[in-house]
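I opened this notebook to keep track of what I looked up, beginning with the aromatic rings and going on to the core and a pair of helices.

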Amino acid sequence: MTQPENEKRFWNNYIDTLAEHSVKSSLYPWYTRHCEAFIQNYKETRLKQHTRTSVQEYLEKLINITDRPSWQKKQRIDAIGYLFKSIRAPLYRQVDWAYWKSSCVDLPANHVTLYADQLAD
């Protein structure tokens with residue numbers, strides 16, 4: 001199989017996983033973009049070589065992004081989780097995806113943890 005054929009099969013498997021979990025087809029492009037961003041962030045690491053630690057470090061950074069609403073962060077977490085599930089990586093069962101999604105909360109603009117960011121601007 002050629003590289004483009006392998007990539008097509010890879011993404012088709014991913015889309016099948018999204019469909020199995022009742023993700024709306026209109027969201028598929030967003031989910032794949034989130035996965036592509038994750039993959040680009042770790043160009044030197046193959047997906048099956050990721051560890052629980054590497055994924056959790058990424059998710060830690062993700063949930064601490066202050067200019068993204070919680071629903072977008074949760075969508076990214078789902079997208080990455082389904083990515084590992086689609087390749088049948090044991091890592092999928094080692095990460096507590098629900099914990100990370102529950103860690104995404106929208107803070108009010110005047111929240112004390114955002115105060116330092118406001119001063120820096």
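I began with the aromatic pairs, and the count came to 8, where rings of Phe, Tyr and Trp (its six-membered ring) pair if their centres lie within 6.5 Å, and planes under 30 degrees apart count as stacked, over 60 as edge-to-face and the rest as tilted. I noted that this is a predicted model, in which local features need pLDDT of at least 70 and side-chain atom pairs count only at pLDDT 80 or more, while totals for chains, interfaces and linings use all residues. Residues are numbered from 1 along each chain as its sequence is written, and side-chain values use heavy atoms, with hydrogens and water left out.

I looked up Phe-38 and Tyr-58 and found their ring centres 4.8 Å apart and their planes at 90°, so this pair is edge-to-face. The pair links distant parts of the chain, with Phe-38 in helix H2 and Tyr-58 in helix H3, 20 residues apart; helices here are DSSP runs of H or I with at least four residues, numbered from the N terminus. Both Phe-38 and Tyr-58 are buried, a word I use for under 20% relative accessible area, with exposed for over 50% and partly exposed in between (1.4 Å probe, protein chains only).

I then turned to Tyr-99 and Trp-100, which also form an edge-to-face pair, 5.1 Å centre to centre with 80° between the planes. Tyr-99 is partly exposed at a relative accessible area of 44%, whereas Trp-100, at 5%, counts as buried.

Returning to Phe-38, I saw that it forms one aromatic cluster with Tyr-42, Tyr-58 and Phe-84. Phe-38 is also among the residues that touch the most other members of the largest nonpolar core, which has 29 residues; such a core is a set of buried Ala, Val, Leu, Ile, Met, Phe, Trp, Tyr and Cys residues joined through side-chain atoms within 4.5 Å. Helix H4 gives the most to this core, with 6 residues.

Lastly I checked how H4 meets H1. The axes of H1 (residues 3–20) and H4 (residues 70–86) come within 9 Å and cross at roughly 115°, the axes being lines fitted to C-alpha atoms over the stretch in contact, with angles from 0 to 180 degrees between N-to-C directions. Thr-17, in helix H1, is buried with a relative accessible area of 6%. Not counting residues up to four places away in sequence, Thr-17 touches Tyr-82, Lys-85 and Ser-86, where contact means heavy atoms within 4.5 Å.

Definitions and conventions:
Helix = DSSP H or I, 4+ residues; strand = E, 2+ residues; numbered from the N terminus.
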